[in-house]
Amino acid sequence: MLWAKVRGVNAVRGSMDRGRKQHAGSAHALAGTMNLNSIGRALRWIGLILVLSIGLCGLVRTQAASAAPSTQRETSSPYTGDLSIFDAPGRDERLQINRVMDMLGIEPGKNVADIGAGSGWFTVRAARRVTGSGTVYAVDINSEAIHYIDQRTKKEQLQNIKTILSKPDDPQLPAGSIDAVLLLKTYHEVAHPVVLLRKLRSSLKPGAKIGIIDRNGNGKNHGVNKDVVVREAAQAGYRLRDSQDFVKADGMDYFLIFTAKPD
């Protein structure tokens with residue numbers, strides 16, 4: 001009887017031990033399943049975040065590319081031929097250059113920059129306007145043009161002209177000294193117009209006027225569309241003040257006047 005009871009007790013204990021082992025195994029299995037499920041959910045979230053991040057980066061790049069202005073456009077090769085052609089008879093009347101100078105405020109005592117001066121055709125006319133109390137800076141990247149203007153000023157006995165052999169993207173004018181600027185049939189040859197206009201700002205007096213006379217074109221045909229000039233000037237920090245088309249009667253030329261926006 002005693003042995004029977006002992007065997008019974010042992011059987012119960014064995015059954016309990018097996019039950020505990022089975023329960024522990026089930027718990028471990030359940031924990032493993034829960035861990036796998038958690039890992040799976042985490043991976044799905046990570047994947048979703050990566051997809052959204054990649055899509056957002058792509059959208060930002062697309063918007064930036066569409067919003068960014070073009071840094072380079074086609075331009076015409078700078079003229080290097082016979083400079084005397086710019087002094088053809090009747091050019092004053094065709095371009096109405098006296099009216100242009102009136103609108104730019106070119107008068108005695110003013111300092112003027114002729115950027116892309118070429119033969120000095122406009123330079124000498126502006127020099128007579130500002131008289132001995134003003135100065136005209138003849139700016140060109142062509143050393144032959146600078147030499148031509150130097151000889152011309154000596155011949156015409158104009159003492160208020162200073163020539164500057166400039167860089168393509170920098171007129172190299174003295175700081176804070178210029179009242180009026182004219183780019184006469186030159187803008188379409190400027191390879192980096194926004195850079196040049198930005199560097200020009202430091203040379204301007206408050207309220208200085210920048211005039212651009214050119215003709216509509218595609219950049220490489222010795223002309224550039226007016227709206228392109230307006231857009232590039234805005235990028236460089238200028239405001240359009242006036243737009244005229246009275247220069248020449250062919251309807252192709254335009255005359256734009258800009259001032260620098262406040263810093």
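So, is Asp253 buried or exposed? Asp253 is buried, at a relative accessible area of 3%; buried here is under 20%, exposed is over 50%, and partly exposed is in between, using a 1.4 Å probe and protein chains only.

Quick housekeeping. This is a predicted model, where local features need pLDDT of at least 70 and side-chain atom pairs count only at pLDDT 80 or more, while totals for chains, interfaces and linings use all residues. Residues are numbered from 1 along each chain as its sequence is written, and side-chain values use heavy atoms, with hydrogens and water left out.

Okay, salt bridges. I mean a side-chain nitrogen of Lys or Arg within 4 Å of a carboxyl oxygen of Asp or Glu. The whole structure has eight of them.

Asp253 pairs with Lys185, closest N and O atoms 2.8 Å apart. That links distant parts of the chain, 68 residues apart: Asp253 sits in strand β7 (residues 253-260) and Lys185 in the loop between β4 and α6 (193-200). Helices (H or I, at least four residues) and strands (E, at least two) are DSSP runs, numbered from the N terminus. Lys185 is partly exposed, at 22%.

Next, Asp179 bridges to Lys205, at 3.4 Å between the closest N and O atoms. Asp179 is in strand β4 (residues 178-184) and Lys205 in strand β5 (residues 204-215), so this pair ties together parts 26 residues apart in sequence. Asp179 is buried at 16%, whereas Lys205 is partly exposed at 29%.

Finally, there's a network: Asp87, Arg128, Arg152 and Glu156 are joined by salt bridges that share partners.
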